[in-house]
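Please read the following report alongside the sequence and the coordinates.

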Amino acid sequence: MSQETYELKAEARERVGKGSARELRRNGLIPAVIYGDKQAPIAIALNTNEVTKRIHAGGFMTTVATIEVDGKKFKVLPKDYQLDPVRDFTMHVDFLRVSGNTQVTVEIPVHFINEEKSPGIKVGGVLNIVRHEVEVHCPADAIPEFFNVDLNGKKIGDSIHISEVTLPKGVTTVIDRDFTIATIIAPAGGIDEAAEGGAEA
């Protein structure tokens, strides 16, 4: 399951548009919108520092949050955010309303374990990561934090496919085939044969 949920306080925005958005940002607030679940969208304003802190903490796009707007609480999942290309501060956030049975599409990071148990890496092979993240469909209240990919026993020339990763119940990949997550390739300078002999032994 993804990291702990958190709560943000927001105020409803009466005015929308570029002028009011600029005014909000000057006052330390970020314009945002809550949409989905067959209800009308709600325009809101959030504290810039709070949101930026959450984005930089990691897992922002895969953690369900609660936003309180004028005393009313909404369970949401961030779907998109815009950063200022020059100053790197948050410009806008889109939140999707979620309930227990909401299915969402999210990108889950991939972690590689047991590199030290891979004969291919021991002889100087390089882990070539094809996908740093895997896009999946899953319930909003059961988003995986990451997927572990085990490199134990992997040799040069081996490929690791999604079928080797155990997906939690209710989680399916968006791509409907056994795609490659990573390969172990020979180093540019070739393999040290003495090291390879040692690894084989």
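Predicted model: local features only at pLDDT ≥ 70, side-chain atom pairs only at ≥ 80, totals over all residues.

Residues are numbered from 1 along each chain as its sequence is written, and side-chain values use heavy atoms, with hydrogens and water left out.

Helices (H or I, at least four residues) and strands (E, at least two) are DSSP runs, numbered from the N terminus. Buried means under 20% relative accessible area and exposed over 50%, with partly exposed in between (1.4 Å probe, protein chains only). In helix H2, residues 48-57, the buried residues are Thr-48, Val-51, Thr-52 and Ile-55. They lie on the same side of H2 because they cover an arc of only 100 degrees around the axis, the arc being that of the directions from the helix axis to the C-beta atoms. Asn-49, Lys-53 and Ala-57, on the other side of H2, are exposed.

The cover over the buried residues of H2, where contact means heavy atoms within 4.5 Å, includes these strands:

| Strand | Residues |
|---|---|
| E1 | 6-12 |
| E2 | 29-36 |
| E3 | 39-47 |
| E5 | 72-83 |
| E6 | 90-97 |

Elsewhere, an open sheet of 4 strands runs in the order E10-E7-E9-E12 with mixed pairing, where two strands pair if DSSP finds at least two bridges between them. Strand E10 (147-150) and strand E12 (172-173) each have a single partner strand, so one side of each is left without a neighbour in the sheet. Strand E9, residues 133-139, pairs with E12 in the antiparallel sense over 2 bridges, and Val-136 stands opposite Thr-173 in E12.
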